[in-house]
Amino acid sequence: MDLIAVILVDGLIYGAWLFIVSVGLTLVFGVLNILNMAHGSIYAMGAYATATAVGAYFAMGGEAFPMGSYAAMIAATLIVAIVVGPILEIFLLRHFYGRDEVVLVLVTYGLFLILEDVMKLIWGVDPLFVYQPYDLLGVVEFGSLYYVTYDFLVIGISTSVGLLVWYILNKTKQGKVVLAVIHDREMSQSMGVNVNKIFVISFTAGVFLAALGGALTAPMISVSPGISVNVIILAFAVVIIGGLGSIEGAAIGAVFVGISRAASVHLLPEAELFIIYLVMAGVLVFRPEGLFQKTQARKI
Amino acid sequence: MIFLRSIWGSALLALIILILCGLALPEWAVFLVTISLSKGLVALGLVALMRGGLVSFGQGLYFCVGAYAAGFMANWFGITDVFLLTFIGVLLSGAMGAIFGPLLATYRGIFFAMLSLSLSMILYGVLSKMSVIGGTDGLNIAAPTFLGYEPEGWELGISLYLFTCVATVLAGAIMRIFFDSQRGLISLAIRDNELRVEYLGASVRKVISINYIFAAVLGGVGGVISGLAIGHVDPEYSYWTTSGEFVFVAILSGHLSIAAVFISSIVLEVVRSFSNLYFPNTWQLSLGVFLLIVIFVLPKGLGSLKILNRNADAADKQDTKETP
Amino acid sequence: MTEVLLAAENIHKSFGAVTAAKDVNVSMPKGAVWSLIGSNGAGKTTFVNMVTGYIKPDQGRIMFGGQDITSFSPREVTKAGIRRSFQIPQLCGEMNVLENMLISLSINGDTPPSFWAHAKKKQNVEQAMAVLEQFRIADHRNRLIGELSAGVRKLLDIAMAMTGNPKVMMLDEPTSGVAAEEKYPIMDLVIETLKAAKVTIIFVEHDMDIVTRYSERVLAFYNGQIIADDAPDQLLADPEVKRYVTGTSS
């Protein structure tokens with residue numbers, strides 16, 4: 001009984017993290033039809049920017065008010081989003097619209113390659129540590145185990161983000177316009193929707209979410225080159241399982257993958273690394289549109 | 001002259017050039033070309049799939065299978081003959097391709113890419129956790145032998161290089177013939193208008209499966225040779241970034257010229273090596289920029305440049321004159 | 001006694017609330033030249049799609065030469081001997097006319113397509129040119145699809161469908177999009193070539209002149225049902241047909 005609880009808690013923590021990391025990817029695919037392979041790199045940029053921001057914060061006397069480091073994290077995320085999002089969409093991606101969706105994947109793959117080195121050039125190759133935000137909230141007892149409170153903060157933020165995105169898309173006027181574009185781009189355009197504006201805003205939102213994932217993760221890990229590489233395929237798996245373009249799907253997919261991995265870690269450690277991709281392959285074979293059908297799988 | 005323009009003529013010429021280069025170049029360059037050619041084989045398989053309109057992000061699967069097969073056979077069964085190892089690699093990857101091909105052949109676009117990627121990542125995950133075969137550290141592979149001949153040092157390097165050149169030229173010629181054949185033309189038609197091909201009476205699924213098996217076999221052979229050249233194999237061979245490199249080469253080269261595939265592979269390895277030496281942390285940047293430029297400016301790849309597409313032009317002009 | 005070659009029995013098909021076919025019964029003898037008329041959405045193209053296996057009827061069956069082909073895929077229908085041309089010609093746009101023809105012939109040749117014989121071998125090219133000449137489009141051999149006029153595209157579409165000696169040819173709006181002065185020459189050529197090859201013909205058309213001039217019998221569709229089935233002159237005089245299809249006042 002205890003084991004199940006542990007698996008559930010671990011799974012939820014991991015799933016919450018997966019959701020934040022993946023929701024931007026599914027949003028961008030839903031609106032712009034781009035499966036962004038550079039999503040992981042933007043996640044990494046968020047982590048690096050956060051490391052720099054938090055490091056700078058404490059270097060400038062932030063110890064007096066440690067909670068302010070969280071504000072530094074958010075600021076870093078916003079800066080990354082506002083700078084990187086529009087630049088990438090307007091100056092790069094826009095030139096390739098109208099081409100096959102696989103071509104766009106390849107363009108984002110090229111972008112991934114570029115950003116990996118850009119980050120090395122900016123931040124160097126040595127790992128960065130910013131553990132303070134992680135330790136700040138202490139630990140909490142759950143059952144017979146101690147968990148770092150920060151992990152539950154991630155669950156909280158993840159849930160809030162999910163609800164917020166859902167609310168904006170489904171309950172606000174602007175959000176419904178975005179849904180219209182997702183549903184039928186041409187029709188929306190002929191109805192007078194400024195699709196270009198929707199694209200750049202949606203892409204920037206996706207970038208923000210990816211960077212947020214990185215920002216939240218930075219205090220938990222050593223921020224170094226290569227963190228993007230693992231994250232992007234995890235995000236792919238979650239998004240495919242949940243259904244490309246579906247926010248709800250990303251949530252369900254994230255929880256599902258999170259719990260599967262937690263179960264695997266505790267029950268069958270050998271499977272830990274491949275269980276996710278096995279589920280991904282399984283979904284592709286048996287229900288390619290994912291759990292929440294938003295896009296029709298291109299299958300003949 | 002007609003012979004030279006024919007496929008086997010070009011192949012022979014290419015082989016001679018490669019052999020002369022091998023004898024003239026320093027040892028590190030010979031190693032670099034060996035690796036480039038073996039990875040080029042994997043990319044050639046990708047090109048076969050691209051001619052049918054599909055991009056696989058999981059060819060690392062077969063690259064890995066080939067290398068591990070060589071590792072097992074050499075370390076556990078003492079089979080070190082390069083011809084035998086290649087043959088085993090062909091059989092194993094061909095069999096896997098025959099199983100996965102028909103399954104994957106019903107998918108298109110992003111879904112095909114993602115399914116192929118997930119298969120290679122499953123293998124990565126499985127191998128990483130199997131400590132009995134080295135886990136993430138992988139295996140060291142014993143040096144290959146050549147029909148009894150057991151070279152060492154420079155001789156080993158050049159022997160493997162020569163084997164690779166022959167394999168490359170042979171594979172290139174076979175694929176060129178296949179691409180120019182009726183089945184090759186049908187692949188291009190599928191990329192263009194799949195519905196029409198199906199309505200004409202061809203099984204699109206079967207054509208794609210066959211392309212996939214070719215790609216699997218080429219991937220396996222590339223893996224065997226790479227594994228032997230490097231002397232080591234680890235699960236990274238099946239990681240998605242490895243598959244990504246093969247995609248890079250295939251996109252850079254395009255599907256119009258066989259030579260372009262291997263030239264592109266050499267470009268990749270040269271950029272990687274030199275950039276690491278002189279401008280560290282920029283080789284991925286260079287590749288990324290290269291890739292974007294190619295996609296934007298030369299959507300049909302380097303092979304669409306006149307100098308490399310000479311053969312395709314010539315074949316067009318002589319369509320009623322000669323049977324190559 | 002002419003044998004029935006192609007028969008549709010009690011076909012029903014709906015797409016949600018839309019009835020595309022209801023109680024459709026057709027019994028077509030060998031060697032006939034029939035046409036299908038009806039306004040857009042009446043069910044003509046749905047019928048063609050069901051016969052050629054692209055969609056499956058909800059009820060009923062399709063018999064071809066005594067064989068039940070209802071569940072056949074488009075490829076199996078093609079192999080059985082029924083071909084179709086498309087309203088918007090389905091061609092391989094990246095290739096030229098000759099290559100399109102070569103593809104068609106490799107798939108439907110006497111031998112299965114080869115893994116090594118060059119696609120553009122002299123023999124193959126000559127065979128392709130013969131078909132192109134038969135349809136009088138041989139001059140366009142090296143031109144890309146995008147450079148062709150609508151009429152040439154239609155002819156190529158039909159020529160490609162003709163490979164492999166089909167028994168039935170279903171032409172979906174063969175003259176739509178074709179310049180007025182080209183319609184008769186194209187139809188003359190197509191019908192003549194198909195008849196010479198002893199192919200049974202069904203064509204879908206909106207142009208009543210074409211219908212009257214070339215078909216022996218006409219089936220009029222409305223709301224998924226066949227409301228009239230007669231020789232052209234009689235059918236076009238039928239008040240129901242006038243009301244629901246041709247729109248002319250009596």
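Start in chain B, where helix α11(B) passes helix α12(B) in a right-handed crossing. A crossing counts as right-handed if the near helix is turned clockwise from the far one by less than a right angle, and as left-handed if anticlockwise. The model is predicted: local features need pLDDT of at least 70 and side-chain atom pairs count only at pLDDT 80 or more, while totals for chains, interfaces and linings use all residues. Residues are numbered from 1 along each chain as its sequence is written, and chains are lettered from A and ligands numbered from 1 in the order in which they are written.

**Stop 1: the helix pair in chain B**

Select residues 240-253 of chain B for α11 and residues 258-278 of chain B for α12. Helices here are DSSP runs of H or I with at least four residues, strands are runs of E with at least two, and both are numbered from the N terminus. The two helices pack at an angle of about 125 degrees, with their axes 8 Å apart. That angle makes α11(B) oblique to α12(B). Angles under 35 degrees count as roughly parallel, over 145 as roughly antiparallel, 65 to 115 as roughly perpendicular and the rest as oblique. Axes are lines fitted to C-alpha atoms, for helices over the stretch in contact, and angles run from 0 to 180 degrees between N-to-C directions.

Now show the residues where the helices meet. From α11(B) come B:Glu245, B:Phe248, B:Val249, B:Leu252 and B:Ser253, and from α12(B) come B:Ala260, B:Val261, B:Ser264, B:Ser265 and B:Leu268. Residues are in contact if their C-beta atoms, placed from the backbone, lie within 7 Å. By class, this contact has six nonpolar, three polar and one charged residues. Ala, Val, Leu, Ile, Met, Phe, Trp, Tyr, Cys and Pro count as nonpolar, Asp, Glu, Lys and Arg as charged, and the others, Gly among them, as polar.

**Stop 2: from chain B to chain A**

The contact takes 35 residues from chain B and 36 residues from chain A. On the chain B side, the elements that give two or more residues are α6 (109-129), α11 and α13 (283-297). The largest share, 14 residues, comes from α6(B).

Chain A itself has 12 helices and two strands. Its C-alpha trace spans about 55 × 50 × 35 Å along the principal axes.

**Stop 3: from chain B to chain C**

**Stop 4**

Four strands of chain C form an open sheet in the order β2-β1-β4-β5, with antiparallel pairing. Strands pair if DSSP finds at least two bridges between them. β2 (18-29) and β5 (67-68) of chain C stand at the edges, each with a single partner strand, so one side of each is left without a neighbour in the sheet.

Select β1 (residues 4-15) of chain C, which pairs with β2(C) over eight bridges. C:Ala8 stands opposite C:Val26 in β2(C). The two strands form a hairpin with two residues between them, and C:Gly16 in the turn has a positive phi of about 65 degrees.

End at β4 (residues 59-64) of chain C, which two bridges join to β5(C). Show C:Phe64 and its bridge partner in β5(C), C:Gln67.

Definitions and conventions:
Two residues are in contact if their C-beta atoms, placed from the backbone, lie within 7 Å.
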